[in-house]
Amino acid sequence: MVLNLYQPAQRHLVQFNAGKCIREGNLVKPDLRKGMIYMDQGEDQLMHFYWKERNSSEPEDNLIIFPDEAELVHVPECTTGRVIVLKFKTSSERWFYWMQHKKDDEDEELIKRVNTLIDNPSSAMDDGAMDIDPQNIEMELMQRLMGSASDGSLTEESLMELFSQARGHASRGQEEATETDDNTTTATVAPSVTDTVTTVADVTAQTPEKSQEAAVSTADTPKQSEQGASSAVSAEQYQQLQSILDSMQQQQQGRSSVQLNDVLNTQVLSALLDDPAVCSSLYPHLPDQTEHTPAQLRQVVLSPQFQQALHGFTSALQSGQLGPLIQQFGLDASSGLSPEAFLRGIEHKVRENQQNASSNKDEDHMDES
Amino acid sequence: MAEAGNWCLIESDPGVFTELISGMGVHGVQMEEVWSLDSESMERLKPVYGLIFLFKWQQGHSATAEPTQPDGGNDHIFFAQQVIHNACATQAILSILLNRPDIDLGPELSNFKEFTADFSPDMKGLAISNSDLIRSVHNSFARSDPFVNEMHDPNAGKDEDVYHFIAYLPIHGALYELDGLSQGPVNLGPCDEDHWTDQANEAIQQRMARYGDTELHFSLMALTRDRLDTYQEQLDEIDALMLSLPDDAPERRQFNSNRMEIEHHMQLEQEKRSRWHRENTLRKHNFIPMIYQLLHTLAEKKQLDPLITEAVDKGKKRNAAKQ
């Protein structure tokens, strides 16, 4: 993966030091391991919330969260530590964590950032890349990068070279954060747990060697003295660069390339059309001059033109730009990010509707008793 | 000058092209796929206004200019340089339509022809790419949802192959080859309206020989008069002749038999047109609501999840196979 080669660490959409909590009945106890909460968009283009041990490469917790499905909040009842909980709105799932970063002044912002990413995954594009101030990247550098990306001559090596040159001009950010993390490895944690109250460990502050910065800070950017305004690069160009990098990354990850034609294959379609109720639901979507009969429906759905429409739609979804279009179906914009996200979005919506319908029924029954 | 809009890739299908042509306001013309340029086949299609030779480069061939040099002094010919790759089919069709005074172009294309008469070839090409009418009719044959098309062409960058369309037609007594990727029209020698297709046949054979071996996929199309019009004319002719005959004349038998044959051809042609029309309707239809409804139904029946898993698997296998 391209960005993995670049030391020190991967850049996530948000990341901060945090520990897990273990629930025992009514108690929430701290897991003392040093860990990290971070969020990324997965291969499926959906938003993932992870927790992992800091020196591990694999996450222990990996949650897919759809917009508006969950919320990260501070737990005020716990007075001895900074406890946060990821609350799911559609179920009673609760995931407790505790902040491990020394200073708490960034807590609010980090929590807010997590919630923004959950509810609005497209914000990932803008803020996630802001470690590097576009103003500081040489125009020529950008054009070289984009030029070689489009003619295919961009190799991983040349990309890394150009990228590190760009980083050389950029603001302090990730590097500082990681160094800060290393500083906290010597922190001592003094747990104070009582039986009756849910508490979490206290993080003892320790004096850092240099000033602390949270993982997602954007410090003041030293401007290149020779750079005039004319050689600054627009945010738009920077975003283009970012999406080139993202797609290279995805290609290297062997993105799953789900095809809608595989889901709506001939066998599946044929079986569906045996059901008259299904046919009725489809008649409104036939072209105008087509008769509303199962035979006609079958012809349409098995035609090469329909297959082509499936291919075209799949490709369009792979471009990741169909957010606005997808919202017309009552799905969240994040379902427009990939074919797989689209399919899962539909699955999710239907499941939710079915759960709501059955819980409403239960309520009705209760009222009647 | 305003920026040229997006041109989508459309299918090279005679049904698409026929409707494209009438969509631009032209009357009495159709496209026909041909398998052979021998005299007999061409005879049946008369009058043939022009031929389009379509071939598809495979990777490895360079699309450089042909060795035959174009002539100068061709101002009376409409020749446009190809500016947009996806528009190449439409451009080849236009290069025939706009060079045939015997075709009823309709008001829009007539205006276009007049407007661009004095333009240089590259300006003519630009004028085509900037024409809202031509582009919108062209794009109407692309994939289902125009909104989707605006954002993303599913074929962009996917195919390493390049399509190339070359038009052949007689202009002012000479056979011309019009290739948008060349500098200008190429005069292939004098010809007459009745036999020019034989000469074109030769020229095309020579071209194919130049490309040598197997890496060439090609097809041929003929721009002809609307066959239904031709058949109707033939029927009218026979009817007129029969009017003057006495009821018991022996010639009637032959005429009736001819008549039946023509009617049969007409019926086949009608059926083909219906089929083309149906296919075009499907091409232009926005299937996204139907696709969504199908997927929604699968989810309701609790069948969607396993299908997604299977599809993810298949996708991964496909990727692995590529590497």
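How do the residues of the lining of the second largest pocket divide into nonpolar, polar and charged? They divide into 6 nonpolar, 5 polar and 9 charged. Here Ala, Val, Leu, Ile, Met, Phe, Trp, Tyr, Cys and Pro count as nonpolar, Asp, Glu, Lys and Arg as charged, and the others, Gly among them, as polar.

Before going on, note that this is a predicted model, in which local features need pLDDT of at least 70 and side-chain atom pairs count only at pLDDT 80 or more, while totals for chains, interfaces and linings use all residues. Residues are numbered from 1 along each chain as its sequence is written, chains are lettered from A and ligands numbered from 1 in the order in which they are written, and side-chain values use heavy atoms, with hydrogens and water left out.

**Stop 1**

Select R44(B), L45(B), R227(B), Y231(B) and H265(B), which are the closest to the centre of the second largest pocket among its 20 lining residues. The volume of this pocket is about 570 Å³. A pocket is an open set of points on a 1 Å grid over the protein atoms alone where a 1.4 Å probe fits, with protein on both sides within 12 Å along at least five of seven lines; lining residues have an atom within 4 Å of a point. The volume is the space filled by probe spheres set on the points, which are joined across faces, edges and corners.

Now colour α10(B), which gives the largest share of the lining, 6 residues. Helices (H or I, at least four residues) and strands (E, at least two) are DSSP runs, numbered from the N terminus.

**Stop 2: along α10(B)**

Stay on helix α10 of chain B and pick R259(B). Leaving aside neighbours within four places in sequence, R259(B) is in contact (heavy atoms within 4.5 Å) with L235(B), I238(B), D239(B) and M242(B). R259(B) and L235(B) are 24 residues apart in sequence, and their C-alpha atoms are 6.4 Å apart.

**Stop 3: a cis bond**

Go to K46(B) and P47(B), which are joined by a cis peptide bond with omega of about 0°. P47(B) sits in the loop between α2 and β2 (48–57) of chain B. Most peptide bonds are trans.

**Stop 4: the interface**

Show both chains. The contact takes 45 residues from chain B and 54 residues from chain A. About 4500 Å² is buried between them, 69% of it from carbon and sulfur atoms; buried area is the accessible area (1.4 Å probe) that two parts lose on being put together, summed over both. Select M290(B), Y292(B) and L294(B): they supply 15% of the area that chain B buries against chain A, more than any other three residues.

Across this interface there are 3 salt bridges, each a side-chain nitrogen of Lys or Arg within 4 Å of a carboxyl oxygen of Asp or Glu. One joins D275(A) and K301(B), at 2.7 Å, N to O. Colour α11(B) next, which gives the most to the side of chain B that touches chain A, with 13 residues.

**Stop 5: D68(A)**

Finish in chain A. The side chains of K89(A) and D68(A) meet in a salt bridge of 3.2 Å, N to O. The two are 21 residues apart, with K89(A) in the loop between β7 (83–88) and β8 (94–99) and D68(A) in the loop between β5 (61–64) and β6 (70–74). D68(A) has a positive phi of about 70° although it is not a glycine.
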